[in-house]
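Have the model open beside you as you read.

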Amino acid sequence: MTEFSSRVEAVSISGIREVFEAAGADAINLGLGQPDFPAPEHARQAAVDAIEAGETDAYTSNKGIRELREAIAEKHDRDNDISVDPADVIATAGGSEALHLAIEAHVAVGEEVVIPDPGFVSYGALTRVAGGEPTPVPLREDLTLSPAAVEEAITDDTAAFVVNSPANPTGAVQSEADVRAFARIADDHDVLCVSDEVYEPFVFDGEHHSPMTYADSDNVVVVNAASKAYSMTGWRLGWVTASTRRIERMLRVHQYAQACASAPAQYAAEAALEGPQDHTVEMREAFEERRDVLLDALEDMGLEVPTPRGAFYAMPRVPDGWVEAVIDRGVILVPGAAFGEHGAGHARISYAAGVETLKEALEIMRQVTNDLQ
Ligand SMILES: Cc1ncc(COP(=O)(O)O)c(C=O)c1O
């Protein structure tokens with residue numbers, strides 16, 4: 001009988017889904033990894049117009065329509081100070097496929113990928129699916145990733161390290177000095193840096209920095225997406241940006257696994273990138289206001305919580321049984337252990353929910369915290 005591949009048997013369904021499935025229908029959901037805003041109207045309309053004009057019925061080029069890749073190149077120029085040839089971009093089915101391409105194309109069987117712990121669930125899983133070995137690196141006290149710790153974890157077998165700023169599940173934002181150090185590590189060790197920048201616009205204090213801006217070699221692959229930046233998770237549109245030789249290798253995987261990203265989504269993302277950015281700014285302002293509400297309340301309860309400077313997550317340190325008790329009382333959040341061994345003892349709280357909902361949930365967290373003391 002046909003059994004399953006050892007690569008697929010090495011991964012399991014994400015712990016995040018399990019939490020959702022266990023929760024009641026009227027629970028308050030602070031477990032979600034997507035903004036609670038509609039997509040920009042002009043992005044939706046661009047897809048409608050392209051569909052009605054009959055422009056979305058056929059495959060696009062494997063890399064995606066030229067206009068979208070030009071809009072992505074302009075975005076890199078505008079926001080990251082990087083000059084990118086639109087030919088060096090592949091439009092993908094979300095940031096998820098972009099991560100898959102980066103890892104599949106660069107990690108050989110048995111090679112290692114250094115990943116943040118706690119970190120986004122896909123990094124370790126995609127490494128295993130590629131036949132590689134994740135090397136989790138614990139975070140600093142403030143939940144940022146230390147370049148020194150990454151450098152120490154690199155061995156002769158390391159194919160890549162992953163940087164994610166702003167980060168899921170921590171909300172941590174790496175400083176410019178850290179990002180410069182990651183670029184130097186990629187150059188000096190001749191190891192690939194996969195930079196996951198899907199939360200790029202949501203930085204509250206300071207600025208977003210990309211290692212690609214600072215690297216001298218072509219050892220950085222940037223992963224980004226319309227998903228969070230424009231609240232378009234359902235559209236499934238992301239991209240990878242890298243040097244020509246790396247794009248050519250990633251295109252081999254993309255061509256056979258995907259052919260091309262969904263055509264309507266490509267038109268929508270092009271409009272989102274080229275159109276007014278005030279929708280994204282509004283989301284950032286809302287997230288910052290909620291971050292402050294959440295942080296004040298958690299600190300007032302006596303919980304220790306490193307200040308998240310971006311994305312829309314906070315990761316307080318919580319007593320034993322806290323996450324389970326909060327979920328039992330109808331507020332969904334994700335146990336930190338779902339994001340790696342060093343996530344244990346933390347909870348990931350997503351504040352992609354309105355302030356009133358957040359306050360209601362915080363009241364329940366306060367009761368639970370009091371009960372456990
Ligand atoms: C850090 C990070 N990278 C990538 C992704 C994948 O995003 P997408 O919906 O674009 O596939 C997510 C989704 O939650 C994420 O949190």
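Seven strands make up an open sheet, arranged in the order 2-8-7-6-5-3-4, and their pairing is mixed. Strand 2 and strand 4 (133-138) are the edge strands, each pairing on one side only. On average, neighbouring strands of this sheet are turned by 20° against each other, direction ignored. Please keep in mind that this is a predicted model.

Strand 2 pairs with strand 8 (residues 238-241) in the antiparallel sense, over four bridges. Which way do the residues of strand 2 (residues 89-92) point? Val-89 and Ala-91 point one way, while Ile-90 and Thr-92 point the other way, and all are buried.

Helix 6 lies across strand 3 (112-117), strand 4 and strand 5 (158-164). Relative to strand 4, helix 6 runs at about 160°.

Strand 11 pairs with strand 12 (residues 347-350) in the antiparallel sense over two bridges. Within strand 12, Arg-348 is the residue that stands opposite Val-334.

The protein chain is divided into domain 1 (6-39 + 278-372) and domain 2 (41-274). Their centres, taken over C-alpha atoms, are separated by 24 Å. How many residues does each domain bring to the contact? Domain 1 gives 37 residues and domain 2 gives 36 residues.

On the side of domain 1 that touches domain 2, helix 1 (6-9), helix 13 (278-300) and strand 9 each supply at least two residues. Helix 13 gives the largest share of that side, with seven residues. Sorted by class, the side of domain 1 that touches domain 2 has 19 nonpolar, eleven polar and seven charged residues.

## Around the ligand

The ligand is surrounded by 13 residues, and the closest are Gly-94, Gly-95, Ser-96, Asn-168 and Ser-227. Helix 5 (94-106) gives the most to this shell, with three residues. By class, the shell around the ligand divides into three nonpolar, nine polar and one charged.

## Backbone details in the loops

Most residues other than glycine have a negative phi, and most peptide bonds are trans.

| Site | Backbone feature | Loop |
|---|---|---|
| Asp-117 to Pro-118 | cis peptide bond, omega near 5° | Pro-118: between strand 3 and helix 6 |
| Ser-165 to Pro-166 | cis peptide bond, omega about -10° | Pro-166: between strand 5 and helix 8 (176-189) |
| Asp-190 | positive phi of about 50° | between helix 8 and strand 6 (192-196) |
| Ala-311 | positive phi of about 55° | between helix 13 and strand 9 |

Is Asp-190 buried or exposed? Asp-190 is exposed, because it has 10 other C-beta atoms within 10 Å, and a residue with 12 or fewer counts as exposed. Ala-311 counts as buried because it has 29 C-beta neighbours inside 10 Å, where 20 or more are needed.

Val-109 has its place in the loop between helix 5 and strand 3. Val-109 is exposed, since 9 other C-beta atoms lie within 10 Å. How far apart are Val-109 and Phe-120 in sequence and in space? Val-109 and Phe-120 are eleven residues apart in sequence and 22 Å apart in space, C-alpha to C-alpha.

How values were computed: Residues numbered from 1 in each chain as written. Predicted model: local features only at pLDDT ≥ 70, side-chain atom pairs only at ≥ 80, totals over all residues. Pairing = 2+ DSSP bridges. Axes fitted to C-alpha atoms, helices over the stretch in contact; angles between N-to-C directions. Contact = placed C-beta atoms within 7 Å. Domains from an automatic or database assignment. Nonpolar A, V, L, I, M, F, W, Y, C, P; charged D, E, K, R; others polar. Near = placed C-beta within 6 Å.
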